[in-house]
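Hello,

Here is the structure I promised to pass on.

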Amino acid sequence: MREFGAFVKKEFFHILRDKRTMLIVLVMPVVLIILFGFALSTEVRNVNIGILAPSPDPMVRQIADKLDASEYFTVTQWLNTPDDIHAAMKADEVQMVVAFGQNFSGGLLSPDGSQLQMVVDASDANMAQSYTSYASGIIAAYGSEMTAMGQDTGILSQVQFLYNPQMKSAYNFVPGIMGLIMMLICAMMTSISIVREKEMGTMEVLLVSPVRPIYIVVSKMVPYFVLSCINLATILLLSVFVLGVPVAGSLAALWLVSLIYIIANLSLGLLISTMAQQQVIALMFSGLLLMMPTMLLSGMVFPIESMPWPLRGISCILPARWYVAAVRKLMIQGLPMIYAWKEIVILASMAVVLIGTSLKKLNNRLE
Amino acid sequence: MPAVKVENISKSYGKTVALDGVSFEVEQGELFGIIGPDGAGKTSLFRILATLILADEGTVTVEGFDVVKDYKELRKRIGYMPGRFSLYQDLSVEENLQFFAAVFGTTIRENYHLVGDIYKFLVPFRKRKAGKLSGGMKQKLALCCALIHKPDILYLDEPTTGVDPVSRKEFWEMLKKLQRDGITIIVSTPYMDEANMCDRIALIKGGRFIGIETPENIRRSFSVPLWAVRSGQMHRLLNDVRAFSGVKNCYAFGETHHFTTGEGFDRDKLWSYLEGLGHTSLWLEPAEATIEDCYMQLAKM
């Protein structure tokens, strides 16, 4: 046990004395959160729109005012003919045009209803989707207002955004960033630090000592485990107090899932270190084979449902995918832990398999 | 019981043969040297002795323990200093030693008497990071780390490579002292001049032992006449001497070239032959065989 303590102490010395690593480890989560939270926001705000109304009647004006009054849109142009739409789009003056049919107010009272079209610049498909759903929401709200005032306006669809009523993108990426950062710190840093000892030749001496190899590697994991917990706390604090994303569900359940995920990644790091002999190789392994798929396929950026089946298949073997899904349920939706049982079971089995494989591959000798 | 008994071990990495049927014994308390150039198989041999890799063939027992079956028992008794051992650069001298002491279940205080003579050189720098030490100091610290747990047998893989001559001499004096304390030491070196400090040496080449003897006997076994030659045109001299009839083997040796001769060699003829080729400030004398000469001769066979 004293041997183990000496190992852990030594590992902390390595980390604490390497200023660059410390900086990366502690600052990276903060930078990522702030970057995603403010700079890379996919939220709709002050989008310039045009209104095409061949016959501007009071109802058209009212809808236009509603759109303009919202923080999402600014009405900058009134267009007269459909041809103007293309001109305005090409000049990049508007991102969306709401086109009203002939005699809009009158039509509402007729059995056929009246027509309203949204023309949107879909070169950024995701944003285009957001614009139309925001605008539909506003128009729908107007419609129900009219109905409430006793004016029959025909059927208007109604959209309600649950769990994230303001459609904040932070709700989407906070779980993703949690998954990414903990994977980087646990899998990448652990594997590199073990492989470094091989490269420096110190592993030879440690192996010749009576200390069992399992203690050597477990002692490597302890500091990174602690660091991951610090990072998890930082991310949660930032997301609650800076981004305004609350922890809707049980904090304890969230921590439990996170701990399972951390352990799975630590064993993944150990597994990589048993296969790589050089730090560069370990870095490539964790960078290319873990980080890229995690960023692209875990559902943190692109929805898994819309991927072709081979990519969906790959995403299933990524621990991050299940972790992100579980965090969404527990943190954003605020569901009780029982609803995330599938993700928890999968993550836990992944952890067990990874620990088992890496311990089996862990060698008492150099080769 | 010999401290180390190696029987016919072989080791290959793919097609590269690192060790090819090596057998030897090391007596208790002996200072045993393994002499040979880089790539001769020294490091592979040490790793097998240190239970770090397995030989493809053959058996090794150290202190009566088999390196394959009883590796756990054996690891308590071995002190090992690998060739590229670099300590933890970001830990101080004291922290390094403390760590290795703890790893082997002991403390600096408990075994200070073992390393005290060496560690006293390091005491003034004990707060300094190991990465900032000079080469000689690093080796001393590495030796302390390998000794702190009172091993029965000490393996040192090229401990003096990259160390200045003064520190090298000090280092060998330390080894002599450790030997007097009863520790069996196996040390490898590419420096032939260090071989004389060993009780017995093994000359290794291409994974095979080409001779195991006391340094004195190895020198004595040198059976052919040996000459040293020097001129103002050293570079050309090597090929000119090689071309002369009766010269068997000529190689650079420090500031001179050494060559061995066979039947029909005549000193005066060589002298006039070399003068005829335009060599100036010529010098030609019989030479005493050193370990290096023996190595060159044995390696030729």
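A salt bridge here is a side-chain nitrogen of Lys or Arg within 4 Å of a carboxyl oxygen of Asp or Glu. The rule finds two of these across the interface of chain A and chain B, and in one of them the side chains of A:Glu204 and B:Arg47 meet at 2.8 Å, N to O.

Before going on, some housekeeping: this is a predicted model, in which local features need pLDDT of at least 70 and side-chain atom pairs count only at pLDDT 80 or more, while totals for chains, interfaces and linings use all residues. Residues are numbered from 1 along each chain as its sequence is written, chains are lettered from A in the order in which they are written, and side-chain values use heavy atoms, leaving out hydrogens and water.

**Between the chains**

Taking contact as heavy atoms within 4.5 Å, 26 residues of chain A touch 35 residues of chain B. The two chains bury about 2800 Å² between them, 59% of it on carbon and sulfur atoms (buried area is the accessible area, with a 1.4 Å probe, that two parts lose on being put together, summed over both).

**Within chain B**

The domain assignment, automatic or from a database, gives domain 1 (4-220) and domain 2 (226-300). Their C-alpha centres lie 36 Å apart. These domains bury about 910 Å² between them, 78% of it on carbon and sulfur atoms, and the count of salt bridges between them is zero.

Best wishes
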